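Subject: Structure for you to look at

Hello,

Here is the structure I said I would pass on. Please open it alongside this email and follow the notes below.

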Amino acid sequence: MRPATSTRRLLVPALALAVAAVPSVALAGGGRDGGGGTEGSGSGSAQDGVIRAETKVTTSVNGSSEPAGTGTLTPENSNWTPPACWYEPAFSPKEIEKTVKLWRSIDGLPFLGGVGDFVGDSLDAYYKDGDPYENYNLDKEGEGMFWAAVKNPNRKDDPEANSCNEQPFWVDEGDVPDEPLALTPQILAEYAYDELPVPGTEIEMKPAGATKVNLPTWIWLDKAKFKKISVTASLPGTGLSATTTAEPVSLHIDPGTSDARTYPASGDCEINADGSIGEPYAQGKANDTPPCGVTYLRASGSDGSYPLQATVTWKISWTSTTGEGGDLPEGTFGATQDVTVQEIQSVNR
């Protein structure tokens, strides 16, 4: 478990003060899982006074590293986002010792005399001198890891990415950290949510390019394009992974003007049994009501076109190697297409 002492509260301001003179200092690091015993290759920085690491979590799309799409989902629940940061096993005792030595080495740089020793002394007080750790826990090499904060690579600029502000803390092998943001199957699943590469939503339309006032425009999406997409996030060497799956459920049409009628009236076109959306236009159906489409009631005129927005909603669920799983907030991804609407010309004799 992680000890709580006053030293930890003093260490962050001390490091932050020293780091103000050092824009960025790379820290050699690595990782060892909680059960497999393999060393990893991590790196960290103390830019804001907290020793962090780069995540070792890997992802694969549909069992492959090849990208399957172009977009990133936006959660429909505006109060929820994938995690901006978390804690994961990152440093062995020897690597923490090396980190302190690296800090001391910056005293050789111009204008920074004494800074390295100052930071090194602060770190030694924390990791070496028994408050709370003794001799970097070198006597426990191979029996656990120092867990460190990492930032979600997709959300490094999110202010919440700095909320994981604890210094690396020790966790015995097999123990569960007493930390709400410690890496869990659900955090892996939520990270995988951020990695889902959904396809674009450029819809098929008939008439294409330009349509006429009061003429139904048919809209559809190919069944081959909109299939389930899965991303698996794994922590190497642990056997711990979570798979997040996105399944398209509907297409919403916003015609870009109030002078229009959508089909259905809600603008929500459901997914067909074969995975397609809507129905392709066929000869002779010009005056029929499309299952998914729009009729414009006014020409786009001097403005040139209407911005038709097509947004697909995806249902999200997850499973994991621990047997845990469930649902995550539905996500959306859309695109805008310009639609020119012309008046129907008639000839008077």
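Is Tyr136 buried or exposed? Tyr136 has a relative accessible area of 6%, and the cut-off for buried is under 20%, so Tyr136 is buried. Please keep in mind that this is a predicted model.

Tyr136 sits in the loop between α3 and β6. Its phi is near 60 degrees, which is a positive value in a residue other than glycine. Asn214 also has a positive phi, near 65 degrees, and is not a glycine either. Most residues other than glycine have a negative phi, and most peptide bonds are trans. Asn214 lies in the loop between β9 (210-212) and β10 (217-221). With a relative accessible area of 52%, where exposed means over 50%, Asn214 counts as exposed.

There are also cis peptide bonds to look at. One joins Asp131 and Pro132, with omega at about 10 degrees. Pro132 is in the loop between α3 (115-127) and β6. Another cis bond runs from Tyr263 to Pro264, with omega near -5 degrees. Pro264 belongs to the loop between β13 (260-263) and β14.

**Disulfides**

How many disulfides does the structure hold? There are two. A disulfide is a covalent bond between the sulfur atoms of two cysteines.

Cys85 is bonded to Cys164, with 2.1 Å between their sulfur atoms. This pair links distant parts of the chain, 79 residues apart: Cys85 is in strand β5 (residues 85-91), and Cys164 is in the loop between β6 (144-151) and β7 (169-172). The torsion about the S-S bond of Cys85 and Cys164 is about 85 degrees, so this disulfide is right-handed. Cys85 has 3% relative accessibility and therefore counts as buried. Cys164 is buried as well, with a relative accessible area of 0%.

Cys269 is joined to Cys292, again with an S to S distance of 2.1 Å. Here, too, distant parts of the chain are linked, 23 residues apart: Cys269 is in strand β14 (residues 268-270), and Cys292 is in the loop between β15 (277-278) and β16 (293-296). The S-S torsion of Cys269 and Cys292 is about 85 degrees, so this disulfide is right-handed. Cys269 is buried because its relative accessibility is 2%, and Cys292 is buried at 1%. With bonded cysteines counted along the chain, the pattern is 1-2, 3-4.

**Strands around β6**

β5 and β6 run antiparallel and are joined by six bridges. Glu88 stands opposite Ala148 in β6. β6 also pairs with β7, in the antiparallel sense and over four bridges. In that pairing, Phe146 has Trp170 of β7 as its bridge partner. β6 is mostly covered, with seven of its eight residues buried.

Helix α4 (residues 185-195) is mostly covered, with nine of its 11 residues buried. Among them are Pro185, Ile187, Leu188, Glu190 and Tyr193.

**The largest nonpolar core**

In soluble globular proteins, nonpolar side chains tend to be buried together. The largest nonpolar core here has 73 residues, and Leu73, Ile219, Leu251, Leu308 and Trp314 touch the most other members. Strand β17 (residues 306-320) gives the largest share of this core, seven residues.

Which residues is Ile219 in contact with, leaving aside its neighbours within four places in sequence? Including Leu251 and Leu308, its contacts take in Ile203, Met205, Ile253, Ile277 and Val294. Cys292 is also in contact with Ile219, and Cys292 is the partner of Cys269 in the disulfide described above.

Regards

Methods
Residues numbered from 1 in each chain as written. Predicted model: local features only at pLDDT ≥ 70, side-chain atom pairs only at ≥ 80, totals over all residues. Heavy atoms only, no water. Buried < 20%, exposed > 50% of the residue type's maximum accessible area, 1.4 Å probe, protein only. Helix = DSSP H or I, 4+ residues; strand = E, 2+ residues; numbered from the N terminus. Core = buried A, V, L, I, M, F, W, Y, C linked by side-chain atoms within 4.5 Å. Contact = heavy atoms within 4.5 Å. Disulfide = S-S within 2.5 Å. Pairing = 2+ DSSP bridges.
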